[in-house]
Amino acid sequence: MPEAWWKRAVVYQIYPRSFADTDGDGVGDLEGIRRHLDHLEWLGVDAIWLSPIFPSPMADFGYDVSDYCDIDPRFGTLHDFDRLLDDAHRRGIRVLLDWVPNHTSDRHPWFVESRSSRANPKRDWYLWRDPGPGGGPPNNWRAAFTGESAWTLDEATGQYYLHLFLPQQPDLNWRNPEVVAAMHGTLRFWLDRGVDGFRIDVIHGIVKRPGLPSLTDDELGPYSTARFDVDGTLDVIRGLRRLLDSYPGDRVMVGETYILSTSHVARYYGLGDCLHLAFNFVPLYAPWDAARWHRRIQRVIDELEPIAAWPTWVLSNHDNPRHRTRYGGSEARARAAAVLLLTMKGTPFMYMGEELGLEDARIPVRRRVDPGGRDGCRAPIPWDRSRGHGWPAEPWLPFPPHASLRNARVLRADGSSILHLYRRLLAARRASPALMVGGVELLAPLPGVVMWRRHHEDDVRLVAVNFSAEERTIPFEGRWTVEVASDGAGQADRFAGTLRPEQAVVLRPS
Ligand code: TEU
């Protein structure tokens with residue numbers, strides 16, 4: 001199988017604040033990640049992606065970067081990072097960083113300079129504009145989270161700066177070649193240190209539509225691309241791709257293309273010369289419904305196969321309620337969803353803790369901290385059943401529900417747990433070229449059931465997911481053995497042709 005590693009890989013997202021704390025400040029750190037690499041190696045993931053670990057005032061918990069070439073002291077030091085990278089590599093685990101090119105922190109020295117005067121050489125590194133007619137903001141764009149104007153007035157210089165997110169996150173001007181060069185330099189810094197690639201934040205939005213025009217209400221919708229110059233963005237992405245390709249090894253970039261249209265996401269792969277991988281969040285927003293999932297999967301096949309683009313699959317991340325919570329909390333569903341995520345054609349991205357079957361934490365009002373209301377999915381990982389669940393001090397957010405049962409130690413001791421299901425699925429993928437890199441065909445749906453076939457040369461697997469609460473009989477021809485069953489029932493036996501309620505199975509020829 002000569003395919004690039006990132007096509008074969010399962011990537012595991014770590015939100016470092018909430019993974020594991022070693023210095024007792026209630027916030028996770030790099031050393032905590034290093035000490036839990038055993039868990040990840042045992043589970044069988046191929047790569048980790050770390051949400052931002054750079055120095056940050058933490059207005060958006062690290063997505064407001066004040067220095068792209070260092071580690072925030074809350075997370076550790078560059079030395080800690082090098083140790084983590086070495087240890088991960090020694091175990092065959094690759095490491096991706098989260099690079100935030102759309103905006104910096106307002107405390108980044110570049111912005112501090114830029115705002116200092118209209119004549120500053122870095123003025124044009126950001127998007128400064130005079131007030132609009134009548135003295136208000138230059139256009140009607142709104143910022144994420146607050147829904148207020150995306151422009152903030154700098155009283156001292158009398159101009160507004162653009163921020164698609166918080167006022168503490170001013171947008172960079174990617175039409176300025178000095179910005180491009182400086183940001184390339186930040187990528188080189190980490191590539192030289194040996195990282196395997198990047199998850200790129202808000203990549204679809206970095207180049208704005210020329211003239212920054214006011215837009216209609218429809219065009220202002222949170223997922224509209226009307227604000228962006230897509231062709232200009234693709235040019236920038238091609239430059240990033242050339243930079244990555246100039247390094248030895250298969251360095252990879254996965255773009256956060258937060259656009260709820262699979263056909264639009266497909267554009268960001270270019271002609272194989274733009275993103276290696278692009279997040280497609282359309283399925284993430286699909287409810288637990290067979291017909292919807294069938295359509296969304298078909299859509300991915302229809303849009304990506306003709307351009308030979310490799311899909312990605314995500315059910316949970318640090319920006320959305322966990323899928324177990326979204327699907328209503330049932331463990332059966334969480335298990336069936338694991339089969340769905342890990343057997344589809346494409347690179348799956350797991351979010352830390354989904355292997356423990358975690359749901360979102362309920363956050364009392366007085367402990368809410370995220371301006372985007374996303375604290376629930378960012379709750380700390382429970383490592384064991386002790387009172388502190390392996391955390392040396394009270395963590396920055398409360399634990400998820402049932403942490404004395406849903407924790408790494410307890411679930412690892414129970415061979416029938418959801419944690420072992422994830423491990424079995426990862427092992428089954430690794431052992432099967434069909435599951436890892438093979439083609440996919442969706443089979444004719446039955447009510448409540450989605451089925452697909454994976455194949456590579458003479459290796460074949462069938463997967464069936466019963467979304468419904470009733471038993472279903474499925475008409476597979478030939479003899480099949482249950483390689484993995486989401487609930488463990490019938491595993492290693494001949495497949496008898498029925499799926500239990502909310503059960504999913506992976507079948508191999510008998
Ligand atoms: O998210 C981009 C993005 O579009 C999100 O703001 C999304 O709309 C929202 O979180 C849905 O709940 C990225 C990061 O993943 C996010 O954590 C950051 O806050 C954001 O960029 C700004 O950097």
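Which element gives the largest share of the lining of the second largest pocket? The legends below take up this question and related views. The model is predicted, with local features needing pLDDT of at least 70, side-chain atom pairs counting only at pLDDT 80 or more, and totals for chains, interfaces and linings using all residues. Residues are numbered from 1 along each chain as its sequence is written, and side-chain values use heavy atoms, leaving out hydrogens and water.

**View 1. The second largest pocket holds about 180 Å³ of space.** Its lining consists of Arg35, His36, Asp38, His39, Trp383, Asp384, Ala408, Arg409 and Arg412. Two or more of these residues come from each of α3 (37-43) and α12 (408-412), and α12 gives the largest share, 3 residues. A pocket is an open set of points on a 1 Å grid over the protein atoms alone where a 1.4 Å probe fits, with protein on both sides within 12 Å along at least five of seven lines; lining residues have an atom within 4 Å of a point. Helices are DSSP runs (H or I) of at least four residues, and strands (E) of at least two, numbered from the N terminus.

**View 2. The largest pocket holds about 860 Å³ of space.** Of its 39 lining residues, Ala144, Phe145, Phe165, Tyr223 and Tyr258 are the closest to the centre.

**View 3. Methionine 58 has a positive phi, near 70°, although not a glycine.** Methionine 58 is placed in the loop between β2 (47-50) and α4 (78-90). At 9% relative accessibility, this methionine 58 is buried (under 20% relative accessible area, 1.4 Å probe, protein chains only).

Key: Points joined across faces, edges and corners; volume = space filled by probe spheres on them. Buried < 20%, exposed > 50% of the residue type's maximum accessible area, 1.4 Å probe, protein only.
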